[in-house]
Amino acid sequence: FAPVMGWNAYQLGFYSSKFKNFIATDVIPEVVNNGVGLHQEFEKYKNNGVFEIAEKNVDLYLCPSEQLASKHNFDVKYKNQVDGVLFSPPYYDLEIYDSENQSFTSFPDYQDWLKGYWEETVKLCCEVLKPGAKFAFVISNYRNKAKEEVQISQDMKAVVERHLKLDQQLRVQWSAMVSSRQAKKTRDGNYEDLWVFKK
């Protein structure tokens with residue numbers, strides 16, 4: 001389950017995995033429509049008789065993750081059925097996309113956002129995860145427009161720890177090359193935290 005579709009990157013990875021079912025949601029119609037189109041392409045190639053490709057199912061929703069239970073009975077439909085959750089959640093107010101249902105639009109105050117968007121999403125994931133399944137997200141701290149450090153990684157981790165057990169923390173380094181032509185923000189390493197929890 002991907003509570004944010006990540007411009008369809010998780011869905012592309014799913015087709016190369018051993019998983020049979022992929023569930024995802026997003027608030028950007030274009031992203032959800034692209035996911036539908038990707039699956040149609042997969043079905044065309046799967047059924048062309050040239051390759052032996054396993055059956056794969058995709059369930060996509062155009063809905064904020066924190067509203068899936070109330071709008072789609074999601075928590076009941078998928079209760080204890082999900083093997084894992086992996087996604088890069090919104091960075092609160094850092095990345096604002098064209099959608100009336102953005103979490104920042106619904107919860108413009110940071111503490112309200114942590115409670116209304118983030119904690120509700122985490123609770124939903126707890127309901128649908130199988131016992132022992134993993135919940136993982138990738139995020140890093142950042143500087144906001146006022147040049148203040150936002151400790152979003154630690155804040156989000158603390159919320160998840162109220163519901164799931166921390167399994168491990170990893171650091172993802174996006175750029176290992178160091179050169180004078182490298183962007184200033186990556187010269188000391190462009191890292192994100194990968195937090196992994198267990199139900």
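Predicted model: local features only at pLDDT ≥ 70, side-chain atom pairs only at ≥ 80, totals over all residues.
Arg162 and Glu119 are joined by a salt bridge, with their closest N and O atoms 3.1 Å apart; the term stands for a side-chain nitrogen of Lys or Arg within 4 Å of a carboxyl oxygen of Asp or Glu. Arg162 sits in the loop between α7 (152–161) and β7 (165–173), whereas Glu119 belongs to helix α6 (residues 110–128), so the pair ties together parts that are 43 residues apart in sequence. Helices (H or I, at least four residues) and strands (E, at least two) are DSSP runs, numbered from the N terminus.

Residues are numbered from 1 along each chain as its sequence is written, and side-chain values use heavy atoms, with hydrogens and water left out.

The structure holds 7 salt bridges, and two others can be followed alongside the one above. Asp83 and Lys130 meet through their side chains at 2.8 Å, N to O, and this pair links distant parts of the chain, with Asp83 in strand β3 (residues 82–87) and Lys130 in strand β4 (residues 129–139), 47 residues apart. Both count as partly exposed, Asp83 at 41% relative accessibility and Lys130 at 32%. Lys44, in turn, forms a salt bridge with Glu41, their closest N and O atoms being 2.9 Å apart. Because Lys44 and Glu41 are 3 residues apart in helix α2 (residues 29–46), about one helical turn separates them. Lys44 is exposed, with a relative accessible area of 53%, and Glu41 is partly exposed at 36%.

We can now turn to the nonpolar residues. A nonpolar core is a set of buried Ala, Val, Leu, Ile, Met, Phe, Trp, Tyr and Cys residues joined through side-chain atoms within 4.5 Å. The largest such core has 37 residues, and those with the most contacts inside it are Phe1, Phe74, Trp118, Phe135, Phe137 and Ile152. The elements β3, α6, β4, α7 and β8 (191–198) each supply at least two residues of this core, and α6 gives the most, with 10 residues. Leaving aside neighbours within four places in sequence, Trp118 is in contact (heavy atoms within 4.5 Å) with Phe87, Pro89, Trp113, Phe135, Phe137, Met156, Val159 and Val160.

Most residues other than glycine have a negative phi. Trp7, although not a glycine, has a positive phi of about 50°, and Asn8, also not a glycine, has a positive phi of about 75°. Trp7 is found in the segment before α1 (9–15), and Asn8 lies in the segment before α1 too. Trp7 is partly exposed at 46% relative accessibility, whereas Asn8 is buried at 5%.

Finally, consider the pockets. On a 1 Å grid over the protein atoms alone, a pocket is an open set of points where a 1.4 Å probe fits, with protein on both sides within 12 Å along at least five of seven lines, and lining residues have an atom within 4 Å of a point. The largest pocket has a volume of about 1,100 Å³, a volume being the space filled by probe spheres set on the points, which are joined across faces, edges and corners. Of the 45 residues that line the largest pocket, the closest to its centre are Ser88, Tyr91, Leu94, Glu95 and Glu192. β8 gives the most to this lining, with 3 residues. The second largest pocket has a volume of about 510 Å³, and of the 21 residues that line it, the closest to its centre are Phe1, Phe19, Asn21, Phe22 and Gly84. Here β3 gives the most to the lining, with 5 residues.

Conventions: Buried < 20%, exposed > 50% of the residue type's maximum accessible area, 1.4 Å probe, protein only.
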